[in-house]
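Subject: Handover of a structural model

Dear colleague,

Please find the structure below, passed on for your own work.

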Amino acid sequence: MFSDYAALIVLLPVIAFVLTLFLGKKLPHGGAYLPIAAIAGSFIISLGTFLEIYPTDGIVQQSMPWFAGMNLGILIDPLAVVMLMMVSFVSLLIHIYAVGYMSHDPAKPRYFAETSLFTAAMLSVILSDNILQFFISWELVGLCSFLLIGFWYHKPSAAAAAKKAFLVTRVGDVMFLAGIVLLYVNMSEIITSRAFSVGPENFILQFKTMFEAIPLINPTQLTYITLLFFGGAIGKSGQFPLHGWLPDAMEGPTTVSALIHAATMVTAGVYLVARTFPMFAATPATLSAGVPDSLLIVAYVGGFTALFAATMGLVMNDIKRVLAYSTVSQLGYMMLALGTAGAVVGAQAVGISMFHLISHAFFKALLFLCAGSVIHAVGTNDIREMGGLFGKMKITGTTMFIAALALAGIGIPFINIGTAGFFSKDMIIEKAFEYGELKGDFIPYAFAIIAALLTSIYIFRLWFMAFTGKPRSERHSHESPGVMTRPLMILALFALFFGFAHLGFYDYLNKNFELMTGEKAALEGESLQMSPIIVLLPVIVGVLGLLISYAIYHRRMLDMSKLVSTQNPLYKLLLNRYYEPKIGADIIGVKLTHDVVAQSGEFVDRKIIDGLVIDNIIGNTLFKLGEFVRKLQTGVVQNYASVTILGIGLLIIILRIKFGGT
Amino acid sequence: MAALISLMIAIPLLGAIITFLTRTREQARSIALLTSGLSLVISLILFSRFDSSISTIQFGESYPWIASLGVSLKFGLDGIGMPLVLLSNIVIPLTVLFAWGETKQANQFYGLILLELVGVLGVFTSLDFFVFYIFWEIVLIPMYFLISIWGGPRKDYSAIKFFIYTHVASLVMLLAIFSLYFNAWQVSGVPNFDMFYLLKNYSVIESPLLKDAIFLALLFGFLVKMPAVPFHTWLPDAHVEAPTAGSVILAALLLKMGGYGLFRVILPILPFSGSPGKLISLMAIIGVLSILYGTFLALAQRDLKKMVAYSSISHMGYVTLGAAALIPLSVSGAMFQQFSHGLITAVLFMSCGVIQHSAGTRIIHDLGGIAKHMPKLAFLMLAGFLASLGLPGMSGFIAEFLILVNSYFTLPTFVILALFGIVFTAGYHLWAMQRAVFGTYNEKLGHIHDGADYGIASMAILVLLIIFFGLNPNPVLTMMTTNANQLLNFVVLRGVIT
């Protein structure tokens with residue numbers, strides 16, 4: 001029953017977007033209840049669909065032709081339905097929270113309209129049944145992030161950050177588009193060669209059709225296609241080297257950051273790789289052709305990003321920036337999972353990665369909303385100016401500590417009790433180890449385990465600096481209202497207990513591959529018997545990080561002033577974010593593209609093509625000719641018009657005289 | 001009801017004459033809106049009766065004119081012309097509405113706009129090469145006056161440059177038309193200017209050199225109009241000085257005549273030319289060069305309107321590229337790009353016009369934060385800019401997607417080059433928005449006000465159309481595809497591409 005109305009999952013928030021945009025001013029809270037009701041509706045339909053298809057391992061598929069052989073359609077399989085539920089649920093909580101958080105902003109209708117569209121676009125990414133619709137929705141997600149990061153567009157920094165987000169992700173989007181071009185051409189050649197028949201119910205860019213055609217696609221081409229798709233994912237999911245936009249994206253309202261980081265944007269990149277995983281999984285065969293296999297690249301980019309971003313998280317002083325680097329790093333883990341677990345356990349990697357994606361969504365949304373609550377209370381983003389907030393903000397403090405535990409992956413191994421992150425992240429680290437055993441390459445594992453230590457240090461540094469010690473500012477802070485704290489408590493419950501769903505989750509997601517490609521997910525390799533130290537290590541580093549931060553930032557047992565100084569080149573490098581903003585915006589953006597290429601183009605255009613050739617050489621010749629004509633004619637410029645008509649008339653007369661006889 | 005096409009052309013012609021004779025601005029603009037609106041109604045009737053599944057000429061009309069020379073008034077529509085006729089009839093009434101507040105010599109102003117409509121409708125419907133050429137030239141004259149009377153400080157230079165440049169190109173094209181004409185005459189012994197007849201007889205020309213010369217002369221005529229790099233330098237100057245209405249018509253309709261020529265004239269004769277392979281490469285190079293060159297030049301501009309002018313060059317490059325790829329869907333994509341760009345560029349030039357009017361400047365550096373006082377304009381301008389940078393959900397994306405995907409079959413290297421331009425295209429659009437519209441309000445501008453309601457209304461209608469055709473391109477795309485398929489039959493038959 002619910003599945004028949006699956007299109008409403010997207011359409012409800014779209015309708016809410018239009019209504020809020022035009023009627024929001026006349027409604028209470030800027031029309032916030034419209035998107036809230038709409039997204040609640042999306043969540044209910046998603047949940048209802050899940051309950052319908054879960055018992056029967058069914059999928060929902062609806063399709064209609066669109067233009068030029070392409071289609072619009074809906075595909076809800078296990079992969080999609082878990083994402084749909086998470087996105088609509090987390091987005092709903094963030095919307096409710098925003099009623100309180102945004103209550104003083106005069107532009108509320110625009111805010112709620114845009115977040116509603118943002119949610120709709122992301123939901124549309126998830127349930128697309130073809131890669132074109134996926135791409136279109138993906139671009140609309142990018143548009144909404146642009147609008148919302150630049151929500152306070154009168155702030156120059158917000159306008160700049162919005163542009164940066166759009167352009168940097170656009171670099172990825174172009175790669176994604178190039179991948180679609182290449183895929184389309186290959187599919188089309190397969191279809192015209194009649195090696196593969198497309199029924200009336202199949203469309204060229206449908207996932208179903210694509211997956212069926214995988215064995216027929218040239219493996220080298222398949223590698224290029226998947227790497228180009230991954231390029232898109234790098235942009236959207238803030239992976240190195242296209243990560244720079246995400247920390248700057250905090251220029252928008254904190255609720256927008258929560259949406260971007262948890263529900264509606266950055267996960268799209270991971271989802272793209274998960275969605276097209278059968279294609280990635282089919283690529284290793286090309287190793288012999290001298291082309292690296294796509295999963296290896298996914299693993300290395302992800303692993304490196306996990307570590308690289310965590311190092312910057314250590315030194316940031318802006319509470320939202322710490323969390324932003326944390327997101328970049330955690331997305332790296334998800335990519336790492338797809339790459340390494342993909343090589344070890346095949347399609348089960350999707351479940352492992354997605355489980356971390358969803359548990360991360362809960363605790364990262366929670367972290368951002370807690371940060372919002374703190375910022376709301378103290379009026380600053382700088383953790384050096386906070387301190388001692390726990391006494392005044394018990395709910396925020398407690399829920400944020402829970403989220404930090406989840407992020408650090410704290411739990412008790414062997415008896416399997418722990419936070420969501422304990423189950424999801426430790427699984428990834430274990431698979432990275434298995435990958436090392438299998439391939440003799442422990443570099444991804446090293447990335448993962450070192451990043452885990454740094455993660456724990458930076459997140460507890462944040463918590464201890466904000467909530468313990470003496471207050472470092474005079475401002476009177478207070479706990480946030482119920483409309484804001486209740487979503488925190490709900491998310492905290494998920495951050496604590498969602499992990500226990502891991503076995504059922506993995507089982508359910510494993511069916512996805514089978515449903516999509518008709519083959520059973522490769523279940524080779526019984527889980528290796530790992531030494532206890534390997535199982536324990538992720539938790540050990542998590543606890544170690546907590547203790548280090550406790551010692552440094554709470555008990556002040558170590559003097560950090562030597563390390564934390566601009567005299568220290570390493571600290572300076574990290575604080576300047578490896579000079580990424582300088583290299584990206586200043587050197588590549590302004591200096592190279594604008595000052596050198598575009599300006600020299602302008603010079604060529606004006607001085608050479610136009611100035612020299614047209615004006616001087618051709619123009620002067622014409623001018624002299626004109627001087628001559630002027631003697632014959634009146635010399636009034638406007639007579640050129642009559643000359644034309646006269647010219648045509650003369651031609652007619654000449655023609656008549658010459659050929660008139662016939 | 002026969003003779004709908006000639007009625008559609010006659011009404012704005014009559015309207016133009018009456019408008020010239022009116023004494024008040026009120027009468028002039030009312031008649032202009034009414035007659036262009038009537039013309040729109042007729043084109044909608046034609047559009048609704050159009051059969052998208054056949055590629056032959058529909059609503060054909062033919063009247064004898066100069067029998068001794070084989071000239072006759074032949075009109076008709078197919079999937080190449082119909083969408084552009086619709087576009088012209090959408091853009092002109094909206095331009096009149098946008099320019100509702102014009103005070104200077106209003107009767108002439110609106111009359112010239114109507115004459116432009118007559119000219120472009122004639123070009124898009126004529127099936128006699130001679131008549132086609134007359135309309136092609138007619139279009140120049142009102143535009144010359146629009147620039148030279150209502151233009152900016154350097155209007156004389158720009159108007160003359162526009163006129164001479166495009167006129168020279170037209171004359172080169174005319175020479176080619178005459179060669180075709182005399183050649184056909186020699187073969188059959190009967191003079192006939194019928195367009196399809198002349199194009200069909202292109203293949204009987206014996207000398208490959210002459211064939212290529214004719215081809216290049218025609219191509220030159222069309223590429224200057226589009227305009228394609230390196231024949232584009234008249235365009236930025238013309239736009240900078242032209243009044244907004246002039247710029248809108250120039251970019252939305254006049255440039256489309258060049259693209260129309262590619263589909264109507266160039267593609268049918270291409271397979272029969274002396275060296276089709278080289279000519280295809282030439283077109284592809286010019287297309288991609290225009291895309292990239294236009295993009296980087298747009299990035300360098302300080303004047304918002306000049307930036308939009310260069311963006312037109314870049315977008316029209318897609319038309320050349322799609323046409324050169326010779327794949328049915330790349331050619332349909334190129335046709336759709338023409339239609340889509342007409343709508344989008346109109347919004348962009350109108351935005352520039354509103355800003356110029358309110359803030360007194362279009363220099364990006366001198367603006368800043370104008371969204372604060374011009375929220376409606378900022379909203380519509382952003383929509384137009386997003387459409388222009390190819391945002392999915394809007395018409396430009398469909399066109400560029402079709403062109404890029406399908407051109408890859410035959411011109412992979414060129415597509416890869418064009419893809420590089422996409423990031424920079426987004427770059428100059430958003431950078432301009434960031435500096436001119438967002439950020440802190442530049443207090444030096446004083447207190448500025450939002451665009452007038454009629455201007456905002458016509459921009460809003462265009463934006464809605466852009467979104468409509470972005471979500472559902474089929475109403476015009478289907479007929480384009482039908483004709484593109486038919487056009488490329490010969491290409492395949494001649495083995496020009498495999």
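In chain A, 56% of the 662 residues are buried. Please note that this is a predicted model. Chain A is built with 24 helices and four strands. Of the contacts in chain A between residues at least 6 apart in sequence, 80% link residues at least 24 apart.

The nonpolar core

The largest nonpolar core holds 448 residues, and those that touch the most other members are A:A365, A:L366, A:A403 and A:A495. The element that gives the most to this core is helix α6 (residues 156-192) of chain A, with 20 residues. Leaving aside residues up to four places away in sequence, A:L366 touches A:T399, A:A403, A:L488, A:L491, A:A492 and A:A495.

A helix pair in chain A

Helix α3 (residues 78-101) of chain A and helix α4 (residues 108-127) of chain A have axes that come within 9 Å and cross at roughly 170°. The two helices, α3(A) and α4(A), are therefore roughly antiparallel to each other. On the side of α3(A), the contact is made by A:A80, A:M83, A:L84, A:V87, A:S88, A:S91 and A:H95. From α4(A) come A:T115, A:T119, A:M122, A:L123, A:I126 and A:L127. By class, this contact of α3(A) with α4(A) has eight nonpolar and five polar residues, and no charged residues.

A helix pair in chain B

In chain B, helix α9 (residues 208-225) packs against helix α11 (residues 244-269) at an angle of about 160°, and their axes are 7 Å apart. That angle makes α9(B) roughly antiparallel to α11(B). The crossing in which α9(B) passes α11(B) is left-handed. To this contact α9(B) brings B:F215, B:L218, B:L219, B:G221, B:F222, B:L223 and B:K225. The residues of α11(B) in the contact are B:L255, B:M257, B:G258, B:G261, B:L262, B:V265, B:I266 and B:I269. Sorted by class, the contact of α9(B) with α11(B) has 11 nonpolar, three polar and one charged residues.

Buried helices of chain B

Two further helices of chain B deserve mention here. Helix α10 (residues 234-241) of chain B has eight of its eight residues buried, so it is largely enclosed by the rest of the structure. The buried residues of α10(B) are B:W234, B:L235, B:P236, B:D237, B:A238, B:H239, B:V240 and B:E241. They pack against α6, α7, α11 and α13 (304-325) of chain B.

Helix α5 (residues 129-138) of chain B is mostly covered, with seven of its 10 residues buried. In α5(B), the buried residues are B:F129, B:F130, B:V131, B:F132, B:Y133, B:W136 and B:E137.

Which helices of chain B each supply at least two residues of the side that touches chain A? The contact as a whole takes 49 residues from chain B and 45 residues from chain A. The helices of chain B in question are α5, α6 (140-150), α7 (155-188), α12 (276-300), α16 (395-407), α17 (412-436) and α19 (474-493). The helix α17(B) gives the most to this side of chain B, with 10 residues. By class, the side of chain B that touches chain A has 37 nonpolar, 10 polar and two charged residues.

With kind regards

Methods:
Residues are numbered from 1 along each chain as its sequence is written. Chains are lettered from A and ligands numbered from 1 in the order in which they are written. This is a predicted model: local features need pLDDT of at least 70, side-chain atom pairs count only at pLDDT 80 or more; totals for chains, interfaces and linings use all residues. A nonpolar core is a set of buried Ala, Val, Leu, Ile, Met, Phe, Trp, Tyr and Cys residues joined through C-beta atoms within 7 Å. A residue is buried if 20 or more other C-beta atoms lie within 10 Å of its own, exposed if 12 or fewer, and partly exposed in between; C-beta atoms are placed from the backbone. Two residues are in contact if their C-beta atoms, placed from the backbone, lie within 7 Å. Axes are lines fitted to C-alpha atoms, for helices over the stretch in contact, and angles run from 0 to 180 degrees between N-to-C directions. Angles under 35 degrees count as roughly parallel, over 145 as roughly antiparallel, 65 to 115 as roughly perpendicular and the rest as oblique. A crossing is left-handed if the near helix is turned anticlockwise from the far one by less than a right angle, and right-handed if clockwise. Ala, Val, Leu, Ile, Met, Phe, Trp, Tyr, Cys and Pro count as nonpolar, Asp, Glu, Lys and Arg as charged, and the others, Gly among them, as polar.
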